[in-house]
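Here is a short briefing on one protein model. Keep the structure open as you read, and find each residue as it comes up.

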Amino acid sequence: MCRCFSFTESKNWCYRSAFARSGLQSTVTDLQDGTHMHCWVPKHPNHSKPNLLLIHGLGANAMWQWGHLVPHLTPHFNLYIPDLVFFGDSHTTRPDRTESFQAECVFRVMEAQSVRKLSLVGLSYGGFVGYSLAAQYGDFVEKVVICGGGVSMEEKDLSEGNFFRVSDLEEATKILVPQTPQMLKKLMGFTFFRPLLLGLLPSFFLSDFIHAMFSEYVEEKRDLIRSIPKNRKLSDLPKISQPTLIIWGEHDQVFPLELAHRLKRHLGDNAELVVIKNSGHVFFVEKPKEFYKHLKSFLLDPHPNLIKHTSMAQNHN
């Protein structure tokens, strides 16, 4: 395919312009240990607004995963939107691949931005990072939203076929970091509830997206995935103390709904579970209005009463 025009790069430009219009600016923080972190931050933080950290998942960069929500959130929050290590313009020479390391890097960026308190939202893999951030830096994080992030999974779930419907971790890494249009279509089949129209996208478009989003740090990203289930046990998962909202797609094929219920049981009355009907792993794309409604209600309510909330939201389009 000719690279003189790239739809993906054009969309990147549109997102960058939209972020700038929303009062955000692009920054790179040198952590002085071989790690450089890119993050979108407010040009002029408003100290009367709460701070909100948005942590993306595997796949595209932070702009693609949060771009549709930024205009709705900036009136209410000072937004901080990092690219995790090995995504966008963030990278490291350090060998650590754990979500704990990702959380440390994000925390250090927030320190550099003089952020003292914030709430966070983590999508999928970003949920692992966000949960680790809340566990490691309890006084720093006020509220937590986990969106389809299977932090309650155990290593044995993989061999039993409860994770991503595959029993082989290497197959999962090839799907989650696709290098061919066929693998990207397979990934979309897993993540969307109704992926039929997406499957009709032409191969040249998919190849362009792979070239822009998945061609760099391929093995490093796969190492991030390999590190997730390693020696993972629910009994070792710390119980975070912050009020927590768990949002899940009813038909999630990456991290099944049982993991959401497992996390709710683990956290008890400190957590609320909302299940988005007729949606899959990327419910935040499939049902953005419902996602935003629950997000705004939880994050802006000064006194959330988690105990009285229902564990199943009756959402219909």
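**Strands and aromatic rings**

Strand β6 (residues 118-123) runs parallel to β7, and the two pair over 5 bridges. Keep in mind that this is a predicted model.

**The strands around β7**

- Leu120 stands opposite Val144, a residue of β7.
- β6, α5 and β7 together make a β-α-β unit, and this unit is right-handed.
- β7 also pairs with strand β8 (residues 244-249), in the parallel sense, over 4 bridges.
- Val144 turns up again here: it stands opposite Thr244 in β8.
- β7 is mostly covered, with 6 of its 7 residues buried.

**Aromatic pairs**

- The count of aromatic pairs comes to 13.
- One of them joins Phe86 and Tyr217, with 5.2 Å centre to centre and 45 degrees between the planes, a tilted pair.
- Phe86 lies in the loop between β4 (78-82) and β5 (91-92), and Tyr217 lies in the loop between α9 (203-213) and α10 (218-227), so the pair ties together parts that are 131 residues apart in sequence.
- Phe86 is buried, at a relative accessible area of 2%, whereas Tyr217 is partly exposed, at 30%.
- Phe107 and Phe140 form an edge-to-face pair, with 5.0 Å centre to centre and 90 degrees between the planes.
- Phe107 belongs to helix α4 (residues 99-112) and Phe140 to the loop between α5 (125-136) and β7 (141-147), so this pair ties together parts that are 33 residues apart in sequence.
- Phe107 counts as buried at 14% relative accessibility, and Phe140 is buried with a relative accessible area of 6%.
- Tyr15, Trp64, Phe209 and Phe214 form one aromatic cluster.

**Charges over rings**

- Tyr15 has a charge over its ring: the charged end of Lys11 sits there, 5.1 Å from the ring centre.
- The charged end of Lys143 sits over the ring of Phe298, 5.5 Å from its centre.

**Helix α8**

- Which residues of helix α8 (residues 181-191) are buried? They are Pro181, Leu184, Leu187, Met188, Phe190 and Thr191.
- What covers the buried residues of α8? The cover includes α7 (169-176), α9 and α12 (283-286).

Key:
Residues numbered from 1 in each chain as written. Predicted model: local features only at pLDDT ≥ 70, side-chain atom pairs only at ≥ 80, totals over all residues. Heavy atoms only, no water. Phe/Tyr/Trp six-rings, centres within 6.5 Å; stacked < 30°, edge-to-face > 60°. Buried < 20%, exposed > 50% of the residue type's maximum accessible area, 1.4 Å probe, protein only. Lys NZ or Arg CZ within 6 Å of the ring centre and 35° of its normal. Contact = heavy atoms within 4.5 Å. Pairing = 2+ DSSP bridges. Right-handed = clockwise from strand over helix to strand, strands pointing away.
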